[in-house]
Amino acid sequence: MNFVLRYCRQIFGGITTPLLLSYRYRGLLWMLLRREIATRTSGTVLGFFWPLVQPALQVVGFWFLFDVVYGMRIERGTGFLAYLLSGILPWLCLNEVLIRATNMFREFASVFSRTPFPIEILPVELMCIPGLVYSVAFTVSAGLMFGALAAVKAIIVIPLLLLWLLPLILFCALLGLFLRDFTQGLPFILMLLMYSTPILYFPDMLPATMRAWIWLNPFSDLMALIHAWLQGEALPWNSLWRLGGLWLLLLGPAWLWFRRSLPHVREVL
Amino acid sequence: MSGSVITARGLGKYYKLYARDVDRVREILSGKPRHQQYYALRGIDLDVQEGQVVGVVGKNGAGKSTLLKLLANTLQPSEGTVSIQGRVAALLELGASFHPEMSGHDNIYLNCAIQGLSTAQIDQVYAEIVAFSGIGEFIHNPVKTYSSGMLVRLAFSIATHIDPDILIIDEALSVGDGVFARRSFDRIMAFKKAGKTIFFCSHSLYQVEALCDYVIWIDAGHIRRAGAPAAVITEYGEFLQQQAPLSPGAALGLDKVDDQHGANAMHADDLPRIKTLRILLDGVEGKVQRVQSCANDLAIEICFHPGRNLPMPCVALMFVGGDGRPLASAGNLNDGCALSPGADGLVRVTAHFPRLPLLKGNYNIDVYLLCERGLHVYEAILQAAELNVEQRSLERGIVNLPHRWEVQCNVETP
């Protein structure tokens, strides 16, 4: 019983502490976001236009590959391009956030190593700009592909995705700090995951021998949920429960490890 | 004095050394220690009262910086407790948290926010920070375009405008170039005058003794001695002399006098500066003098510009041995000699040393032009004169102390 209580406390702390501290230090959070924008847009003529347009450019790249070069005309109730956009934009967001998380502590080292600083707000800071950029891109895409209702539904997808990613962000941040090899290896791992998740293809296009992988891969559940939500189909409750369960399973340990590691963070840097 | 603002009990900090990076991860996950401990600080007990100026001295690597970081809350203690009442501003690594791509304006807001100020509070002090830093119209340019002097000025201005209750100073009592150095020094003195608590860590024993009312000597991570400045500084000075000869120029403990001199070489017209310096032995001028011990009169004639709208500076001299150790000093401030300018606005003052009692050896004289408190260095001329002292008699040591003999005759024994 004690263990369950402690576990629940960690989950509660993991979700509330970053959010409450982000609210308490909202002025600081805002300045950190401006700092990030300055870093991203430094020396460019178009400024913040670039972060906004990056997802669209990536989508254009995928469209060119699959629609123009391969001429894919497959349909499963929806066109392939609409299917691709529904999955690829959340995945690009996930990809960007997790890769940046591996470098989170080093990126902000100059800020927190010499001043008392609420390190717990860094995961939230990490999510804000990609959250905004990809929410805009995803909402616009959903509106164009599936209509106004889908656009309204799409608004919550990226924020919920980021919330679900919180334990993974914490793990990636710590592993990236303590094991530099992880930072080097993560892009490859994410690439493999993207290819093995039904994003660039319909689930039924996967060879029968690999179907079990779809069942094991939580990102397949994620994609199934997003597609169903946008297209107004019945929600795959199994996927929802599995994703929720996984989130609850990971958030407690992730938050506990994060808290235990904080005294180490300044020393390592 | 209304109570302790800093209380530490058994405060210690050790750094964890791991054979492999992965051992740290395994330790955090399992809770089972896999490290070796390296203690930087151990068993520190402190009670610092509001308004107290505490000096921290110690050799490099003794643990001074670790103590300051623990007090500034940028390091977590490994053992013991530390309790701090009030907002802390630390003049440590000034400007290190600036983002080069952001403007001075945005860096002010960022750094003040990091220090815990709300946007409304920052709005209130913003104009003062900009005015004090003297950055002017460049405040909207990215700080990567600033000179190092501008960066330090802005960082100092931010750190001291957040209305701290406790100010932590690592080494420098003033920052920046000539004019700003004086302003920054005045600002720190204003904190002292306002009854703020100051933690001052320095190798300048002279400044520590002059400024502080309590001194802590840290050696190998422990408090070796703490108490009244004069007693602690004397003991620490003796310890240093036993350890190694001092380097030339460290006589006053003003390690950066060359920098100060360099800065003042570019001084603005309104800063005090030495115009001429003459070393006279029995009226004959020369930078290198051959002196007969206890026979020649030495005079050091200094002419300086006292600056504009500043309190009258003071002059100090230091006799330094060939090994760099300070032997004797003299200053008009300590001797109660008031200075005043002549009709041309220049101050002329001469220090006389009749029948110079130094014994044989080679000596140097350093000359300092200091602020009215004798703390801030406007200008330092190191090795302004070289004295080669010869003697005919057989006395040993450094100086022939003024003395007399008295012989008692026909004394009745009880």
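How far apart do the C-alpha centres of domain 1 and domain 2 of chain B lie? I looked this up in the model, which is a predicted one, and got 30 Å. For the bounds, I noted domain 1 as 54–78 + 86–218 + 225–243 and domain 2 as 257–390.

I then picked out A:I169. Setting aside neighbours within four places in sequence, I see A:I169 in contact with A:V97, A:L98, A:A101, A:P123 and A:L126.

On to B:F132. I place this residue in helix α4 of chain B, residues 119–133. Is B:F132 buried or exposed? I call B:F132 buried, because 20 other C-beta atoms lie within 10 Å, and the cut-off for buried is 20 or more. Beyond four places in sequence, B:F132 is in contact with B:S157 and B:H161. I also looked up B:R153, 21 residues away along the chain, and its C-alpha atom is 8.2 Å from that of B:F132.

Last entry, where chain A touches chain B. I have 24 residues from chain A and 27 residues from chain B in the contact. On the chain A side, α2 (26–41), α6 (109–112) and α13 (237–268) each supply at least two residues. I note that this side splits into 10 nonpolar, 8 polar and 6 charged residues.

How values were computed: Residues numbered from 1 in each chain as written. Chains lettered and ligands numbered in written order. Predicted model: local features only at pLDDT ≥ 70, side-chain atom pairs only at ≥ 80, totals over all residues. Helix = DSSP H or I, 4+ residues; strand = E, 2+ residues; numbered from the N terminus. Buried ≥ 20, exposed ≤ 12 C-beta atoms within 10 Å, placed from the backbone. Contact = placed C-beta atoms within 7 Å. Nonpolar A, V, L, I, M, F, W, Y, C, P; charged D, E, K, R; others polar. Domains from an automatic or database assignment.
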